[in-house]
Each structure stands twice: as C-alpha cells, then as structure tokens.
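Morning, everyone. Let me put the model up, and then we'll walk through its side-chain contacts.

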Amino acid sequence: MKSEQQIDKIKALFRGEWEQMKQSKVRDTLRKFKTLVSIVSFDNKILDLALSEEFKDFEDGIQYYAAVENSCEAIITRNRKDFKNSQIPILSPIEFLNIEI
C-alpha cells in the first residue's frame, strides 16, 4: 500500500473532524495517532493470500493478511462485517481510542 493510501485510511478515521479542523491541528492529531499504531508493509505472500476467495474486498484481504503476517494485535476499521472470521481482534476507531494503554 502506498503512503498516500495509508494516509487516506488514517484521514478516513477522522472523516468528520478532518474538514472542520485546521490543517495544523489535523497534522498534530495524526502525529499523536501515529505513535499509537504501526504501519506495516506487505509482500507477494500477503498479496497472494489477499487474492484468495476468502475476502470479497481485495483491500480487506491485504489489511487482514498484512496484520496476521506482521503479528498485529488488532485491525482498526469501520468495516467490521468484512472480517467475520478474523483470527485477531477487529476494533472500530472509537473502540481503539477507548482502550486504556
């Protein structure tokens, strides 16, 4: 996934706030958010797994298998229904932000 796509995904987490906040505040918020999560890379193995019939949405497959292959603790998404058979926890952005660290 290209960096721009990763940023678009992060921006989507803040969709309502993104348009309302000043650019400097958005950047500060994203910097803080970035300290809480890891952005992982993917390779041909992950792409091959994502191309399997298990996921209707190719992007969901990439996210899931990248998370599994990189031993992530959870996937943060608003699209929980597409991860029904997940082996790792699926959290909404609100659930993630409410976790006590």
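Start with tyrosine 64. Tyrosine 64 is buried, at a relative accessible area of 5%. Buried here means under 20% relative accessible area, exposed means over 50%, and partly exposed is in between, with a 1.4 Å probe and protein chains only.

Before going on, the ground rules. This is a predicted model, where local features need pLDDT of at least 70, side-chain atom pairs count only at pLDDT 80 or more, and totals for chains, interfaces and linings use all residues. Residues are numbered from 1 along each chain as its sequence is written, and side-chain values use heavy atoms, with hydrogens and water left out.

Back to the rings. Tyrosine 64 and tyrosine 65 make an edge-to-face aromatic pair, 5.1 Å centre to centre, with 75 degrees between the planes. The rule: rings of Phe, Tyr and Trp (its six-membered ring) pair if their centres lie within 6.5 Å; planes under 30 degrees apart are stacked, over 60 edge-to-face, and the rest tilted. Tyrosine 65 is buried, like tyrosine 64.

By that rule we count four aromatic pairs. Another one joins phenylalanine 55 to tyrosine 64. That pair is tilted, with 5.4 Å between centres and 40 degrees between planes. Phenylalanine 55 is buried too, with a relative accessible area of 10%. Put together, Phe55, Tyr64, Tyr65 and Phe83 form one aromatic cluster.

Now the charges. How many salt bridges does the structure hold? Four. A salt bridge is a side-chain nitrogen of Lys or Arg within 4 Å of a carboxyl oxygen of Asp or Glu. I'll take three of them.

One joins arginine 80 and glutamate 95, at 2.4 Å from N to O. This pair links distant parts of the chain, 15 residues apart. Arginine 80 sits in the loop between strand 1 (75-76) and strand 2 (90-91), and glutamate 95 in helix 6 (residues 93-98). Helices (H or I, at least four residues) and strands (E, at least two) are DSSP runs, numbered from the N terminus.

Next, glutamate 69 and lysine 45. Their side chains meet in a salt bridge at 3.1 Å, N to O. Again the pair links distant parts of the chain: glutamate 69 is in helix 5 (residues 58-69), lysine 45 in helix 4 (residues 44-50), 24 residues apart. Glutamate 69 is partly exposed at 36%. Lysine 45 is partly exposed at 48%.

Arginine 31 pairs with aspartate 28, the closest N and O atoms being 3.2 Å apart. Both lie in helix 3 (residues 23-34), three residues apart, about one turn of the helix. An α-helix has 3.6 residues a turn, so residues three or four places apart point the same way. Arginine 31 is exposed at 53%. Aspartate 28 is partly exposed at 41%.

Last, helix 3 as a whole. Which of its residues are buried? Val26, Leu30 and Phe33. Seen down the helix axis, they fall within an arc of 60 degrees, so they line one face of helix 3. That arc is taken from the directions from the helix axis to the C-beta atoms. The face turned away from the buried side carries exposed Arg31 and Lys32.
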